[in-house]
Amino acid sequence: MTLKDNYRIELRAAIRQLTDRCLYAASKWAGEQLVGIEHDPAKFTPANTRFQRGSSSIRRRFRTTDVISTPIAGVSYVSTPIMEEDEIVDGDFYLLAKSYFDCREYRRAAHALRDQGGKKSVFLRCYALYLAGEKRKEEELMELEGPLGKSDVVNRELASIERELSTIRKNGTIDPFGLYLYGLVLKEKGNGNLACTVLVESVNSYPWNWNAWLELQSLCTTVDILNSLSLNNHWMKEFFLANAYQELRMHKESLSKYDYLHGIFGFSNYIQAQIAKVQYSLREFDLVEGIFEDLLRNDPYRVEDMDMYSNVLYAKECSSGLSYLAHRVFMTDKYRPESCCIIGNYYSLKGLHEKAVLYFRRALKLDRNYLSAWTLMGHEFIEMKNTPAAVDAYRHAVDINPSDYRAWYGLGQAYEMMGMPFYALHYFRKSVFLQPNDSRLWIAMAHCYQTDQLNMIDEAKKCYKRAADCNDRESIALNALAKLYAEEGRIEEAVYYYKKDLERMEDEEREGPNMVETLFFLAKYFREQKKFEEAEVYCTRLMDYAGPEKERAKSLLRGIRMEQTGAPFMDFEHFPP
């Protein structure tokens with residue numbers, strides 16, 4: 001039996017166990033990985049290929065080596081026994097409670113299991129109470145503060161669940177699912193250290209519960225915390241590390257893990273989407289667009305992660321593609337936060353900012369902790385010049401995720417608009433710390449340093465240099481550096497950066513005001529240096545432009561030629577008629 005066959009056996013058992021405990025998100029994740037495992041070519045039949053058809057282009061794109069069924073660098077994974085169930089103990093009551101749970105009657109489900117002592121029953125009863133408390137918390141939030149307001153409302157069931165689970169953990173009768181729920185409750189109550197310990201116990205004893213891994217990952221806010229975890233070397237750990245590296249902005253390490261996993265789970269839509277997320281963080285938009293196109297061909301009714309695809313289409317100003325995507329998700333499931341964000345992005349690209357805000361608000365009514373909606377709504381308020389509302393939206397975003405560099409950047413923009421550069425600089429520094437490879441953040445910080453209140457030109461130049469090193473897609477940094485050096489009278493440095501900017505514009509085949517400005521500066525410089533041949537080259541290029549640029553170029557060229565012949569130069573255009 002191969003390693004892949006073992007993975008299939010484990011995942012099939014996990015799907016049944018997770019579904020039986022109503023952990024549907026984890027069960028769905030396990031199911032996607034199960035059908036994502038590449039089959040042995042000898043056993044590959046048409047029946048096996050139905051779901052996997054369409055992923056080959058992604059596989060070819062990211063699979064750098066043929067990975068056979070051996071762990072990384074020959075490391076052997078531990079074998080975790082599959083749990084035995086205790087269905088006989090209280091099976092009939094459990095089935096009734098599960099039916100209530102599936103109908104979202106959580107308190108009724110908990111009541112049905114009040115006298116049952118099996119581990120499954122204890123878990124489902126506590127889990128039902130937890131979700132009943134969450135449901136009531138959302139209702140109170142709506143009643144007290146409205147869907148977008150702040151409130152101190154808490155889940156009132158947490159204390160009783162914590163007491164019960166703590167007791168059975170001390171007695172040694174808790175199962176891995178109970179440990180997962182206990183860790184979740186501890187995290188909600190702010191006891192992060194103990195939550196981390198309990199969640200590690202959970203994933204070590206039952207590694208197939210992806211929900212537990214995600215909760216553990218949310219507690220790993222630094223590399224030191226991640227490295228301190230005592231995790232068994234199960235193959236599920238590779239998925240966890242890949243995701244944790246991604247959240248910690250260790251993009252190279254994350255891609256390396258996903259590259260390995262893609263060799264085994266070659267048809268996993270989850271892995272493809274995660275690779276797209278990493279490439280999105282690296283601003284490789286063309287690559288991300290290709291991945292999402294393949295994902296939609298393979299899974300046409302997918303809504304998860306499609307809001308990121310809409311961000312890419314928005315950044316590329318692809319109105320037709322964004323319109324098609326918005327229509328697609330609207331017809332699939334219009335009452336999903338992702339769908340609302342995609343439609344909001346579409347209206348934003350069309351310049352209909354009020355409508356965009358309406359859809360971002362709808363997304364937040366569906367999920368008040370939906371990070372993208374808060375950030376994107378802040379961007380819309382910036383466009384509408386409503387800075388107080390923008391600041392409020394961005395603050396909600398950083399409350400949900402302090403590592404969201406876009407929200408910190410938005411706060412910087414808002415305070416810069418309000419004429420408060422010291423505050424703006426503080427927020428720009430936070431954003432650039434979280435995303436040091438984004439040239440836009442460095443440029444924003446440079447603009448802040450150039451304001452009259454700060455006037456820190458040397459610091460601005462350092463920021464522009466960092467932006468130029470970070471693949472400045474907007475081509476702002478080199479031109480700004482050249483101007484700053486020219487204003488200081490440091491002409492040689494200005495010429496150096498103007499030349500670099502010109503080379504870049506030529507490589508990208510760009511035209512525009514910066515090209516004209518650069519050509520004029522270089523032509524005048526080389527004329528003053530008596531390097532007439534080089535000056536003529538730049539003047540000749542300026543002759544291709546229409547309007548006043550062409551006339552200025554003619555005048556400059558005549559002056560150059562007269563200087564070459566030794567005759568005094570007279571600019572007849574400046575004589576009155």
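**Two helix pairs**

Helices H23 and H24 cross in a left-handed way (left-handed meaning that the near helix is turned anticlockwise from the far one by less than a right angle, right-handed that it is turned clockwise). The model is a predicted one, where local features need pLDDT of at least 70 and side-chain atom pairs count only at pLDDT 80 or more, while totals for chains, interfaces and linings use all residues. Residues are numbered from 1 along each chain as its sequence is written, and side-chain values use heavy atoms, leaving out hydrogens and water.

H23 spans residues 405-417 and H24 residues 421-434; helices here are DSSP runs (H or I, at least four residues), numbered from the N terminus. Their axes lie 8 Å apart, at an angle of about 160°, with axes fitted to C-alpha atoms over the stretch in contact and angles running from 0 to 180 degrees between N-to-C directions. H23 is therefore roughly antiparallel to H24 (an angle over 145 degrees). Among the H23 residues that meet H24 are Trp408, Tyr409 and Gln413, and the H24 side includes Tyr427, Phe428 and Lys430; contact means heavy atoms within 4.5 Å. By class, this contact has ten nonpolar, three polar and two charged residues (Ala, Val, Leu, Ile, Met, Phe, Trp, Tyr, Cys and Pro count as nonpolar, Asp, Glu, Lys and Arg as charged, and the others, Gly among them, as polar).

Then there's H20 (residues 353-366) with H21 (residues 371-383): their axes come within 9 Å and cross at roughly 160°, so these two are roughly antiparallel. H20 passes H21 in a left-handed crossing. Their contact has ten nonpolar, one polar and three charged residues.

Notes
Parallel < 35°, antiparallel > 145°, perpendicular 65-115°, else oblique.
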